[in-house]
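Dear colleague,

Please find below the structure that I am handing over to you, with its sequence. My notes on what was found in it follow.

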Amino acid sequence: MPFDIQVTRTQEPKPRPPAGDLGFGRFYSDHMFLAEHDGRGWQNPRIVAHGPLPLDPASSALQYAQAMFEGMKALPGERGPLLFRPEMHVRRFNASARRLCMPEIGADDFLAALRAIVRVDASWVPTEPGSALYVRPTLFGTEAYLGVRPSKKYQLCIFTSPVGNYFGPTPTPLRLWVETEHVRAARGGIGAAKAGANYVAGMFASERAKKAGFHQVIWLDQNHRDVEEAGTMNVFFRIGDTVVTPPLEDSLLAGVTRDSVIALLREWKVKVEERPVPMAEVAEASARGELKEAFGTGTAATISAIGEMQWGDRQLTLPATREIADRLYRTMTELFGSRRPDSRGWLVPVDP
């Protein structure tokens, strides 16, 4: 039996944000889902008004960064909201939880919670092209104990936010700085988990790049040789007629959009290789005129074309024509707006 979820609706609903000016993470819907784990199982699943949560200052989330999240989308459909590939997000959430010594959530319970919170706040699902209701399941340790060990108590919170494209309503090709000093994650670490600690680890280099006029950074591996990610996105390069992307090692996040892009490219008979991509290879391909495109993929950004990369004193400028990235962006946007048939079953109704 999935969660028996108690719903208490807010008595003070919020005004809806203006259409076309959502930004990313600026607005939050009326409700949130909560449940607690006491070391034996999940308790008291409920939906209540969105608001602050109490947290002891000695909790493992604050003291030892035992905290993680997932990011997914709810989209408008003719018969109600749709979730994009929720089962894959549930699997990734539980993989992150295992790596961080946190309790997993049964798939049926998790899907019931996702459906319930989106159903309650269905009126918050935006309908403008390129927008979505971003769903943020969050899990963190709450036990007040300063010994270094996993918490014995946890809070699960799922809240939602109506969002536009991460890089703005009319995103331009990204300018990226290739980071050769800091690393986002190392092999054997927690880079493959969607842990909050991974994101703060990248903030210093990202902020430095932004101050220099770049949108984000290209992350290299711990040896500063192979490309790993582009900011918070997986990254793809089209070299000649082949699209290449770094393989999923334990320092890379297994992107749901990444997986979807690879599936689409293979359907289109585009050659795709998942293999190590040395930054030197990318630069050499650019010098020969064979670097045709580069783009990032992610839940927040969907498909973001890369227009320029700065690697030390070498500036790599990408062609203005972006056949593959533009086709992918158009396909995903049309799918999300229910303007393209969902032949792969990626869109799952909230109310089956």
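**Aromatic contacts and one loop glycine**

Phe93 and Phe110 are both buried. Please bear in mind throughout that the model is a predicted one.

The structure contains 10 aromatic pairs. In one of them, the ring centres of Phe93 and Phe110 lie 4.8 Å apart with the planes at 80°, so this pair is edge-to-face; planes over 60 degrees apart are counted in that class. Phe93 belongs to helix 2 (residues 86-99) and Phe110 to helix 3 (residues 107-120), so the pair ties together parts that are 17 residues apart in sequence.

Aromatic residues also occur as a group: Phe24, Tyr134 and Tyr166 form one aromatic cluster.

Two arginines deserve mention alongside the rings. Arg149 lies over the face of Tyr145, 3.8 Å from the ring centre. Arg344 is placed over the face of Trp346, with a distance of 5.0 Å from the ring centre.

Where is Gly41 found? Gly41 sits in the loop between strand 2 (31-37) and strand 3 (42-49). Is Gly41 buried or exposed? The relative accessible area of Gly41 is 16%, so this residue is classed as buried, the cut-off being under 20%. Between Gly41 and Ala205 there are 39 Å in space, C-alpha to C-alpha, and the two are 164 residues apart in sequence.

With kind regards

Notes: Residues are numbered from 1 along each chain as its sequence is written. This is a predicted model: local features need pLDDT of at least 70, side-chain atom pairs count only at pLDDT 80 or more; totals for chains, interfaces and linings use all residues. Side-chain values use heavy atoms; hydrogens and water are left out. Helices (H or I, at least four residues) and strands (E, at least two) are DSSP runs, numbered from the N terminus. Buried means under 20% relative accessible area, exposed over 50%, partly exposed in between (1.4 Å probe, protein chains only). Rings of Phe, Tyr and Trp (its six-membered ring) pair if their centres lie within 6.5 Å; planes under 30 degrees apart count as stacked, over 60 as edge-to-face and the rest as tilted. A charge sits over a ring if NZ of Lys or CZ of Arg is within 6 Å of the ring centre and within 35 degrees of the ring normal.
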